Amino acid sequence: MEATAVAHPNIALVKYWGKRDIEYNLPAAGSVSMTLGGLETRTYVAFDSSLAHDQFELDGDLVDDGRRLARVTGFLDLIRERAGIDHRARVTSGNNFPTAAGLASSASGFAALAVAAASAAGLTIDERELSILARRGSGSAARSIYGGFVEMQPGAHAEPAVASEEAFARPIAPAEHWDLRCLVAVTAEGEKAVGSTEGMNRTQQTSPYFGAWVDSVPTDIDAARQVIAERDFESLADIAERSCLRMHASAIGAEPGVLYWRGTTVDLIHRVREARAGGLSAFFTIDAGPHVKVFCPADASDDVRALLDDVDGVRDVLEAWPGKAARLVELQESP
Ligand code: DP6
């Protein structure tokens with residue numbers, strides 16, 4: 001009744017921003033991402049009949065914040081229901097990257113939790129089912145079940161309970177397909193004020209631009225799938241930057257506006273654009289926080305790092321590459 005799993009975060013090249021159904025955590029549209037090797041979450045799960053409550057330890061600290069614990073318990077309930085068990089669980093999780101890096105630790109977190117908890121509960125389920133489960137924890141986590149380049153399918157059926165079984169990720173190309181780098185410029189201005197769940201829900205409820213944003217996504221997904229297959233960097237750059245900017249435009253149009261960017265974020269956007277116009281192969285993307293992620297071919301990563309290091313307000317630069325799928329690893333109680 002115990003297992004340990006590792007999963008990597010991922011960065012969306014075509015963004016997920018908005019839900020069709022909150023109960024099933026169904027995305028309003030699909031998305032495309034790259035799984036990030038070098039950064040990982042390691043999670044141990046043990047179901048234990050002697051426990052009265054689920055326990056969740058993250059990076060060495062017991063989590064007693066009700067909301068975060070409730071999210072883990074809600075997820076474990078899905079596993080318990082499916083496995084027909086009612087034991088509470090001990091969950092110990094650790095990230096090898098700073099939470100302040102704004103790297104959507106919920107993606108690697110719920111992917112690792114899905115793999116470890118399903119195994120600890122004795123479930124034998126395939127990657128598609130794991131992806132569906134991980135999505136119930138966090139939409140972006142569905143993509144971290146796979147390595148390399150990944151597409152999330154939104155599910156087409158009108159009935160959310162049925163669409164839920166269609167809303168899973170699938171691989172576009174394995175990690176070895178394309179040796180890209182993702183450099184994360186961690187800005188000094190700190191963490192996000194509005195979480196991604198809250199930010200996307202507010203955008204959906206109040207932004208007049210939300211519908212236009214969602215309508216724009218399928219074309220970008222088709223294009224991204226094709227240019228990834230062709231390893232066409234310049235076209236991927238155009239698609240990823242416009243997807244990022246349109247997602248943020250819809251959020252900025254909410255009431256009150258959801259604005260994740262700080263001064264350093266905007267400086268970084270300009271620096272990357274200027275460098276690209278000057279011939280450097282690099283493009284930016286930004287999630288629900290002030291940090292900027294810059295993609296480039298492996299042989300351009302030193303130049304990109306030098307560029308990012310030179311921008312005032314950049315505190316650190318982390319580097320990642322196409323990573324592997326989420327997986328079980330040798331049993332370890334303290335990640
Ligand atoms: C901006 O996956 O964190 O990173 O499903 O509510 O947990 P929930 O949302 P989450 O949202 C990620 C938003 C994003 C874009 C992306 O990863 O596609």
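Analyst: A residue is called buried when its relative accessible area is under 20%, exposed when that area is over 50%, and partly exposed in between, with a 1.4 Å probe and protein chains only. The structure is a predicted model, in which local features need pLDDT of at least 70, side-chain atom pairs count only at pLDDT 80 or more, and totals for chains, interfaces and linings use all residues. Residues are numbered from 1 along each chain as its sequence is written, and side-chain values use heavy atoms, with hydrogens and water left out.

User: What makes α3 mostly covered?

Analyst: Of the 11 residues in α3, 8 are buried. They are Glu129, Leu130, Ser131, Ile132, Leu133, Ala134, Arg135 and Gly137. Helices (H or I, at least four residues) and strands (E, at least two) are DSSP runs, numbered from the N terminus.

User: Against which elements do the buried residues of α3 pack?

Analyst: They pack against β4 (26-27), α1, α2 (105-120), α4 (141-144), β10 (149-152) and β11 (169-173). Contact here means heavy atoms within 4.5 Å.

User: Why is Thr35 called buried?

Analyst: Thr35 has 0% relative accessibility, so it counts as buried. This residue lies in strand β5 (residues 31-37). Beyond its neighbours within four places in sequence, Thr35 is in contact with residues including His8, Arg143, Tyr146, Trp321 and Lys324.

User: Why is Tyr44 called buried?

Analyst: The relative accessible area of Tyr44 is 1%, and therefore Tyr44 is buried. Tyr44 belongs to strand β6 (residues 41-48). Its C-alpha atom is 5.6 Å from that of Val91, 47 residues apart along the chain.

User: How do you know that the side chains of Tyr44 and Glu2 make a polar contact?

Analyst: The contact joining these two side chains is 2.5 Å. A polar contact is a pair of N or O atoms within 3.5 Å; within protein, one must be able to donate a hydrogen and the other to accept it, and residues adjacent in sequence count only if both atoms are side-chain atoms.

User: Why is Met1 called partly exposed?

Analyst: Met1 has a relative accessible area of 47%, which means that it is partly exposed. Met1 is found in the segment before β1 (2-7). Not counting residues up to four places away in sequence, Met1 touches Val45, Ala46, Phe47, Ile85, His87 and Ala120.

User: What makes a space a cavity, and what makes it a pocket?

Analyst: On a 1 Å grid over the protein atoms alone, a cavity is a set of points where a 1.4 Å probe fits but cannot get out, whereas a pocket is an open set with protein on both sides within 12 Å along at least five of seven lines; lining residues have an atom within 4 Å of a point. Grid points are joined across faces, edges and corners, and a volume is the space filled by probe spheres set on the points. The count comes to 1 cavity of 30 Å³ or more, and the largest cavity holds about 40 Å³. The second largest pocket has a volume of about 190 Å³.

User: Which element gives the most to the lining of the second largest pocket?

Analyst: α3 does, with 4 residues. The lining of this pocket includes Glu129, Ile132, Leu133 and Arg136.
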